[in-house]
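Biologist: Please take a close look at the side-chain contacts in this model, and describe them pair by pair, with the accessibility of the partners where it can be given.

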Amino acid sequence: MRAYYSLVDDLFPFETFQTLVEEVAEGSGNVFDDRTSAMIVLRRAGRKHQKIARLPENPTNVHFFAKVLHKGDITTFTREDESTGAVRKIEVGDDSGEISLVFWDERVSVVDDIETGTVIEVVGKAGSGREVQVIDLQKTVCDIPTRNDPEGFAGSSPNGDTIDATIVAIGDVSTFVRRDGSEGTRMDVAIADATGTGVLVLWNPEMLDGFVLGDGIHASGLRRNSRSAGREYSAGSHAVIEKANVRYPPLFTEVSALQPDTTISVSGTVYDIRSAREFTTRKGAQSWVRNAEFRDESGTIHLVLWGDNARNPPAEGDTVSLFNASCKNDRRGRPEIQVSWGCLLSCDSVPPSETVNVCGMIIQTARGRCIDDGHACLIIDTDLPFGTEFCVEGTRTGDRLAIDSYSEYTRSKDALTERIESLKKE
């Protein structure tokens with residue numbers, strides 16, 4: 001009982017908790033035991049189960065549902081006092097992630113009564129290393145989706161979903177590494193229909209060959225992603241995309257009408273772009289975050305860019321459209337737009353491109369890594385060392401330079417003299 005009470009000990013004293021548990025048990029005609037009654041009290045108190053991906057890593061009690069994915073073997077060991085100990089782990093998951101449950105000593109026998117695929121309700125103590133020390137658990141009769149399910153999506157028809165929509169934005173092709181080590185590709189496409197906007201994820205970008213912005217599509221065999229807060233469909237190997245005679249404009253929400261805890265699509269201008277901050281994710285990967293401001297005709301709101309959108313942000317003053325972005329409250333309770341995984345950022349104002357050769361110094365700016373030749377400062381996509389001069393060749397688009405080749409540049413004495421004289425004239 002103390003384990004369950006620790007999840008609500010900030011709401012009322014233990015004696016009150018005991019009384020509430022007894023009332024639930026009595027109200028069920030004593031059908032519910034104390035453990036089931038305690039869990040019902042937790043739910044009524046608003047302490048709903050947590051998603052695995054959001055479980056804290058600091059030592060604290062947690063409460064969540066999960067499906068058993070894999071059962072490990074029992075490992076025995078000898079403690080310092082020469083007594084024998086035992087430990088057993090099982091892997092569980094939900095639609096947000098996976099975690100290991102750890103059972104010690106006499107508790108290892110509990111695992112024998114839990115079959116793979118069973119959904120359990122867990123109370124335990126979270127810790128580092130994505131493990132939970134089990135305090136108590138019980139089987140449930142419900143089912144939940146996991147990321148390991150064959151389909152990966154819930155809420156779709158057996159043959160997949162079918163949509164008629166208009167292509168309103170096309171993202172870049174990105175590569176990723178699958179669990180088996182092979183490389184895959186992905187392209188996100190923003191679509192619009194009569195109900196609003198969404199994102200269509202193509203795992204084979206060639207499916208969109210022959211299509212352009214503004215084309216109508218009839219797509220079948222899609223899977224609706226129940227893990228996404230917004231409308232997201234996945235087009236796998238069984239999907240078919242054909243041209244259709246439909247025209248829907250994207251429906252955007254004005255900044256002044258945005259509400260926290262919603263998934264939104266907006267269009268406006270990005271400005272006041274600050275420096276990016278690099279950090280390490282829970283999985284050990286490197287990522288980036290960057291702050292900016294976003295404005296449309298109705299108002300201004302804070303903008304947070306994550307991942308590649310933070311590493312290579314839009315240019316100052318660019319008009320962009322955001323599809324499946326999140327509106328949340330910041331720490332001070334003010335609304336902001338979060339551009340993270342599952343959100344498609346499309347630049348609506350794309351300047352023409354040209355092939356250029358530039359010789360200059362690599363410098364750090366608020367926009368990121370740049371090459372400065374004394375006349376222009378261009379954002380580059382290659383991690384060249386700061387303070388070193390390079391000659392680079394690549395494709396310039398606005399203030400960005402996609403580098404194809406580079407070599408370190410050493411100025412001659414005559415070139416340095418010429419540069420000094422030009423600076424004097426300026």
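Modeller: A residue is called buried under 20% relative accessible area, exposed over 50%, and partly exposed in between. By that scale Glu131, with a relative accessibility of 21%, is partly exposed, and Lys89, at 39%, is likewise placed in the partly exposed class. The model is a predicted one, and in it the side chains of Lys89 and Glu131 meet in a salt bridge with an N to O distance of 2.5 Å. Because Lys89 belongs to strand β3 (residues 84–94) and Glu131 to strand β6 (residues 131–139), this pair ties together parts that are 42 residues apart in sequence.

The structure holds eleven salt bridges, and another of them joins Arg311 to Asp383, with the closest N and O atoms 3.2 Å apart. This pair links distant parts of the chain, since Arg311 sits in helix α4 (residues 308–311) while Asp383 is found in the loop between β22 (377–380) and β23 (389–397), 72 residues apart. Arg311 counts as partly exposed at 32% relative accessibility, whereas Asp383, at 53%, counts as exposed. In the salt bridge between Asp330 and Arg334, the closest N and O atoms are 3.2 Å apart; here Asp330 is buried, its relative accessibility being 19%, and Arg334 is partly exposed at 45%. Salt bridges that share partners also join Asp272, Arg274 and Glu293 into one network.

Turning to the rings, the structure holds five aromatic pairs. Among them, Phe77 and Trp104 have ring centres 6.2 Å apart and planes at 90 degrees, so this pair is edge-to-face. Phe77 lies in strand β2 (residues 75–78) and Trp104 in strand β4 (residues 97–104), so that distant parts of the chain, 27 residues apart, are linked by the pair. Phe77 is partly exposed at 27% relative accessibility, and Trp104 is partly exposed at 38%. Phe390 and Tyr406 form a further edge-to-face pair, with 5.7 Å from centre to centre and 75 degrees between the planes. Since Phe390 is in strand β23 and Tyr406 in strand β24 (residues 400–408), the pair ties together parts that are 16 residues apart in sequence. Phe390 is buried, with a relative accessible area of 6%, while Tyr406 is partly exposed, with 47%.

Charged side chains also lie over ring faces: Lys243 is over the face of Phe211, at 5.6 Å from the ring centre, and Arg369 is over the face of Phe386, at 4.1 Å from the ring centre.

Definitions and conventions
Residues are numbered from 1 along each chain as its sequence is written. This is a predicted model: local features need pLDDT of at least 70, side-chain atom pairs count only at pLDDT 80 or more; totals for chains, interfaces and linings use all residues. Side-chain values use heavy atoms; hydrogens and water are left out. A salt bridge is a side-chain nitrogen of Lys or Arg within 4 Å of a carboxyl oxygen of Asp or Glu. Helices (H or I, at least four residues) and strands (E, at least two) are DSSP runs, numbered from the N terminus. Buried means under 20% relative accessible area, exposed over 50%, partly exposed in between (1.4 Å probe, protein chains only). Rings of Phe, Tyr and Trp (its six-membered ring) pair if their centres lie within 6.5 Å; planes under 30 degrees apart count as stacked, over 60 as edge-to-face and the rest as tilted. A charge sits over a ring if NZ of Lys or CZ of Arg is within 6 Å of the ring centre and within 35 degrees of the ring normal.
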